[in-house]
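The sequence and structure are shown first.

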Protein chains: 2
Amino acid sequence: MTQTDEAAFRLWRTQGVTAPLGFRAAGIAAGIKANGNLDLALVFNEGPDYSAAGVFTTNKVKAAPVLWSQQVLQSRRLRTVILNSGGANACTGPDGFADTHRTAEAVAQALSNWGTETGAIEVAVCSTGLIGDRLPMDKLLPGVTEIVHEMAGGLSGGTDAAYAIMTTDTVPKQAAVHHRDGWNVGGMAKGAGMLAPALATMLVVLTTDALVDADQLDLALRRATAKTFDRLDVDGATSTNDTVLLLSSGASQIRVEQDDLDAAVLAACDDLAAQLMADAEGVTKRVVVEVTGAVDDDQALVGARTIARDSLVKTALFGSDPNWGRIMAAIGIAPIDLDPDRIAVSFNGAQVCRNGVGVPGAREVDLSGTDIHLVVDLGLGVGTAAIRTTDLSHAYVEENSAYSS
Amino acid sequence: MTQTDEAAFRLWRTQGVTAPLGFRAAGIAAGIKANGNLDLALVFNEGPDYSAAGVFTTNKVKAAPVLWSQQVLQSRRLRTVILNSGGANACTGPDGFADTHRTAEAVAQALSNWGTETGAIEVAVCSTGLIGDRLPMDKLLPGVTEIVHEMAGGLSGGTDAAYAIMTTDTVPKQAAVHHRDGWNVGGMAKGAGMLAPALATMLVVLTTDALVDADQLDLALRRATAKTFDRLDVDGATSTNDTVLLLSSGASQIRVEQDDLDAAVLAACDDLAAQLMADAEGVTKRVVVEVTGAVDDDQALVGARTIARDSLVKTALFGSDPNWGRIMAAIGIAPIDLDPDRIAVSFNGAQVCRNGVGVPGAREVDLSGTDIHLVVDLGLGVGTAAIRTTDLSHAYVEENSAYSS
C-alpha cells in the first residue's frame, strides 16, 4: 500500500526488534498462560539514546498498562518495555493499576540489580488477553526477574519476544528495514489487529538505531500509524489495550533526516500491518477496500472504512460473491459527499458497476481467490484512501463466540 | 418496549392492513419470483379520505421506487400502494425509474378501468429483493391488471398481501390495533429489518380508518418510527429501499386526537418491530441493549446502538458468553460522555460489572436462553434508550454469504 525507495531499503521478516543496534530482547514462559506457552516479553534499549514515542488506543475505556505507559511517555524517554500475553489487565480498577505499577517497579529493580540503574518511570508496560481479570502477579513478578537474566542481543531474543506476545495469532510477526546508509528500524506486532481487539489487542514495538530526537520519532510514528495500523479494520472495534511504541538507541551514530526516518518506519509498519491482516482470526480473504474520486482524502477514508465494516459486504466476500449492490448500499450510508449516479465499482480490476448501474456480466466475476481488491470510484474529485480488511467467516463467529468461556 | 393503555386498545397479530374500515388488499404470484411464491401486493384505500404519510431510507443510494414514492407523497395523498418482492429495482438507473413509473401508470389505469378514476400520482410503489437487477416487467405489468381484480376486503386480502411482500422472512408479519371507541390501525411488515437490508429491505404499510388529517398522520408516523423501526438494528446497515407508509381512509368517521393516534400507531409499529426482530435472518438470540444513566436520551441511544453493532459483543451473545469486557470495550468507543469508573453492566438483571470492574461470579451468568436484556448504566445522568438487536450467528453468515449467487 506504500511505495518505498527499493534501492535505499531492504526489508526482512525474519528479524525484529533486535535488528537495530543497541537493543536486546527476550521472551519466556512465566506461567501467566495456563497452557505453558511463552507469555512474557522484554525489549531493552542499551542506548546511548533513550528517546521514545507512543500511540495508544482511542477507546475511552483504557486498560491499566495503557494509562501507565501514557504517563511514563510524557518524559519521551524509555529504557525498556515489558509485555505480557494471557491477560489484558483492563477493567480491573485501582488494583489492576497497582499491578501494572508493581510490574514496572520490578523491572526497574531487576535491571538495576543487573547493573543498569533504571527507574519505573523508564518502563512501559503492555498487556493483552481477556478483559476483566486480574493478572497472576505471583507468576508475573518472578518472571520479570527471570526475563532480565535471559535478555539476549542478536536475532533470537527478538524472535522469542515476538512469540511471547502472541494470543490468538498463529505466527509471530516481525519486520526489519535496513537502510543502505547503515541504520535500521525493527519491529514486532501481535494481535488480530482490529479484528478481535477486545481480546486480541494490537501491540507493536518498534526500535531504531538511527540518531534522531524524540520529536522526529513522534512525527514518524504518528505518520506511519495513520497510514497503516489505523487503516487495518477488521471488525470496527478498538481495543482497550492497543499500543504502538517506537524506541531509538542512536547506536548506529548515523544522523537521519525526517523524510528517511518516516519512510523506514512506514515501511516497517506497513509490512507488520499486512502480516496482521493475513493472520487475522477466521480470515479466508485478504481484502483491500479503496475509495477513489472522493472530494478529499478524509472523505475517501470514511467511505472505505464504512464499506470495510459492513457485515453484508463482508459475508458476501466470504461467499466469493461479487454482490456489488451491497457495496452501493454500504457507501450510501457513509457520511460523505456522493452522487449515486456517478459511482463505479470494480473487483480485482473488473468493473461491475458504472454510473451507479450494473454492467453486463457483473455477477460472473470470479472472486474465488484469497486476495480481493475492491475499488469504489465516486467520480467527484481526487480524494483517495484504502483500508485493509477481511471477510466475515464462520471461523470468525466460531473463534469469537467461544473465547472467555 | 412501549406502554399502551390496555383498556383502550386491543392488539391482534392475525389482522393487518385490512383491519381498518375502507381498505382492500391482495397478494398474488405474478411470476417475479422464480419459485412461484406470492410476489405482488396491493393495498387500496376506498376513502372517503386519502391522506397519507411516509418515511423513507436515509441511504443516499435510493432505489427507483423510493424516489418515486417520495415524489408522489408530496401531495400527502395516496389512493393505493403496489409492492413487489423478488427484486429491489435499486441501482438500475433511469431505465429502472421508468419501470417504476410504468408500474404506477399501470395500477392507475387498472383501477380506472375497474371504476375508480385514479392517477399515477396517487400510487406509491415499493420493491424488495436483490439490488442491481431490472424487474421483469413482462411479468409485473400483467400482474398489476390481475391483482386489481383480486382485491378483497376482509382479513384474507391483508394476509395475502403480507405474504406477497416476504423475501427471506419465514412468517408474514401483521398487527392490528382496535380502539374501544371504534377506530383502528392495521399494518404489515416484511424484512429482516436492519438485519439484512441490502437484500431484505424493511417495508411497512400501515392503515387507519380514523378521521385525521395528513399533518396528524405525519407526526404520528415519525414519532412511532423513531421509537420502533429506527431502534431495530441488526447489522447497522440501511437499505436502499426502506419504506414505511401510513394511509388513512377516515371510514370510521371518528375524529381522533393526536395523542390517541400516536399511541395506536406506536403500538402497531412496536409490535411489528418485535416480529421483525424475532424473524431476523440467522437469529438465535433476541437481544435488547439498554443504556441508562447517560447525560441525555440522545447519548444513550448512540451508546446502545454502538454496542448493538459490535461484532464481538454479538458473537459472544451467540455463544451465550457473558463476556462483559467486550461490552466495556464497545461502549468505550461510542462518541458520548462517559467515565469508565462509573459504568455498571447487567445481563438479565444479574450485575456483572460495577464501577467499571467485574463482580465475583460475573463469568457464571447463564445466558443460554433466547432472550437477553443487557443494561449498561453509565452513572452520569437520567438519559436512557434501548435498541433491539440479535446475535451474530453461523446462520447469519451462511444466509448472507450465499444470496445473490
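## Basis of the description

The model is predicted; local features need pLDDT of at least 70, side-chain atom pairs count only at pLDDT 80 or more, and totals for chains, interfaces and linings use all residues. Residues are numbered from 1 along each chain as its sequence is written, chains are lettered from A and ligands numbered from 1 in the order in which they are written, and side-chain values use heavy atoms, with hydrogens and water left out.

## Relation of the two chains

Chain B is superposed on chain A by a rotation of 180° with 0.0 Å of shift along the axis, at an RMSD of 0.1 Å. The two copies are thus related as by a two-fold rotation axis. In chain B, the C-alpha nearest this axis belongs to His394(B), at 2.9 Å. The superposition is by least squares on the C-alpha atoms of residues with pLDDT of at least 70 in both copies.

## The interface

Chain B gives 56 residues to the contact and chain A gives 56 residues, where contact means heavy atoms within 4.5 Å. The copies meet through the same surface, because 100% of the interface residues of chain B are also interface residues in chain A. About 4,200 Å² is buried between the chains, with 60% of that area from carbon and sulfur atoms; buried area is the accessible area (1.4 Å probe) that two parts lose on being put together, summed over both.

Two salt bridges are found across the interface, the criterion being a side-chain nitrogen of Lys or Arg within 4 Å of a carboxyl oxygen of Asp or Glu. Arg363(A) and Asp133(B) meet in a salt bridge, 3.3 Å from N to O. Between chain B and chain A, 15 residue pairs are in polar contact, both residues being at pLDDT 80 or more. A polar contact is a pair of N or O atoms within 3.5 Å; within protein, one must be able to donate a hydrogen and the other to accept it, and residues adjacent in sequence count only if both atoms are side-chain atoms.

On the side of chain B that touches chain A, the elements giving two or more residues are helices H5 (197–200), H9 (311–318), H10 (324–331) and H11 (394–401) and strand S14 (357–358). H11(B) provides the largest share, six residues. Helices (H or I, at least four residues) and strands (E, at least two) are DSSP runs, numbered from the N terminus.

## Contacts within the chains

Over all chains, the structure holds 30 salt bridges. One of them joins the side chains of Arg76(B) and Asp215(B), at 2.7 Å from N to O. This pair links distant parts of the chain, 139 residues apart: Arg76(B) is in the loop between helix H1 (64–72) and strand S5 (80–84), and Asp215(B) is in helix H6 (214–227) of chain B.

## Backbone features

Most residues other than glycine have a negative phi, and most peptide bonds are trans. A cis peptide bond joins Gly47(A) and Pro48(A), with omega about 15°, and another joins Gly47(B) and Pro48(B), with omega about 15°. Pro48(B) lies in the loop between strand S3 (40–45) and strand S4 (52–56) of chain B.

Asn348(A), although not a glycine, has a positive phi of about 50°. Asn348(A) is placed in the loop between strand S12 (344–347) and strand S13 (350–354) of chain A.
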